[in-house]
Amino acid sequence: MTAPDDTAAPAARPARGRPRPHLLPLWVFCTLTGAWLVLPALVVVPLSFTDKASLAFPPTGWSTRWYANFFTDPQWSRSLLDSLTVALAVTATATVLGTAAALGLTRAKVRGLPLAHGALLAPVIVPGVVVAIGMYGLFLQLRLTGTFFGFLMAHTVLALPFVVIPVTAALRGFDTRYEQAAAVLGAGPLTAFRTVTLPMIAPGVAAGALFAFVTSFDEVVVSLFVQSPYLRTLPVQMYSSVTRDTDPTIAAAATLIICTTTALVTAAALLMSRRSHAG
């Protein structure tokens, strides 16, 4: 009896990376849907380079004057600085709180965890205007409207789910035997988390931090309710500008936001992909 020929086995397997014929209509549908969603937003890119003082598409001439105006106009530059300051503070706060919440959701052995998980994800499910009205009423009572701390609290609540989700996924794929080995070697819980757990779930934490930054930097509905003349984020400034005039500076600001958020979301997706492949 002859041994089976192993050399024929790879030839019988379907080639990886080659699209299957019966999935081609699905790929076409997904491509057209993505183009339908993305292309209208990309119209602002050529509008930001127009040489006219109004928004007209297609542009008849090209200029970078509106980018120069964005960085030299005190209102636009101050709103950009306010957005970056708030977003960085929210990123740090939401990352710490979201990581701690994810640890509790995956490690705690108490009742009510599904309810707590649902409460943490509620800002994603509840309509933004409902959350904004509720926060506005509460912040009026606490005198937090228009304050940096008010923005920090409001944006942190909105960003928490986007930290909890990737960190929870990373922790559920984490082998707890590494922590047990560290404990056997004499490491305490905090030392084991800092030296073993955190480095291994770092891609999930970093992805959550990037998503938190994007969430805060792009937020407009809640920011409209908690703003003040002395603290106005860039999306709020854009909304005020488009209701007041048709200055193409808003197109330049939108282009910068699109480039920033696309780069950060792509980085977060790559980190999550790296974590899944490593797992």
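A: I125 lies in helix α6. Helices here are DSSP runs of H or I with at least four residues, numbered from the N terminus. This is a predicted model, in which local features need pLDDT of at least 70 and side-chain atom pairs count only at pLDDT 80 or more, while totals for chains, interfaces and linings use all residues. Residues are numbered from 1 along each chain as its sequence is written, and side-chain values use heavy atoms, with hydrogens and water left out.

I125 belongs to a nonpolar surface patch of about 660 Å², together with V124, V126, V129, V130, I133, F162 and V221. Such a patch consists of residues with over 30% relative accessible area and no salt bridge, with nonpolar side chains (Val, Leu, Ile, Met, Phe, Trp, Tyr) joined within 5 Å and like charges within 9 Å. Accessible areas come from the Shrake-Rupley method with a 1.4 Å probe, and for residues only the protein chains shown count as cover. A salt bridge is a side-chain nitrogen of Lys or Arg within 4 Å of a carboxyl oxygen of Asp or Glu. Two elements give two or more residues to the patch: α6 (113–125) and α7 (128–142). The most comes from α7, with 3 residues.

Next come the packed helices. Two packed helices are described by the angle between their axes and the distance between the axes. The axes of α4 (residues 65–72) and α5 (residues 74–107) come within 5 Å and cross at roughly 70°. Axes are lines fitted to C-alpha atoms, for helices over the stretch in contact, and angles run from 0 to 180 degrees between N-to-C directions. α4 and α5 are therefore roughly perpendicular to each other, a term for angles of 65 to 115 degrees. F70, F71 and T72 of α4 meet P74, W76, S77 and L80 of α5, where contact means heavy atoms within 4.5 Å. By class, this contact has 5 nonpolar, 2 polar and no charged residues. Ala, Val, Leu, Ile, Met, Phe, Trp, Tyr, Cys and Pro count as nonpolar, Asp, Glu, Lys and Arg as charged, and the others, Gly among them, as polar.

L103 is also found in α5. Leaving out residues up to four places away in sequence, L103 touches A108, L171 and F193.

Notes. Angles under 35 degrees count as roughly parallel, over 145 as roughly antiparallel, 65 to 115 as roughly perpendicular and the rest as oblique.
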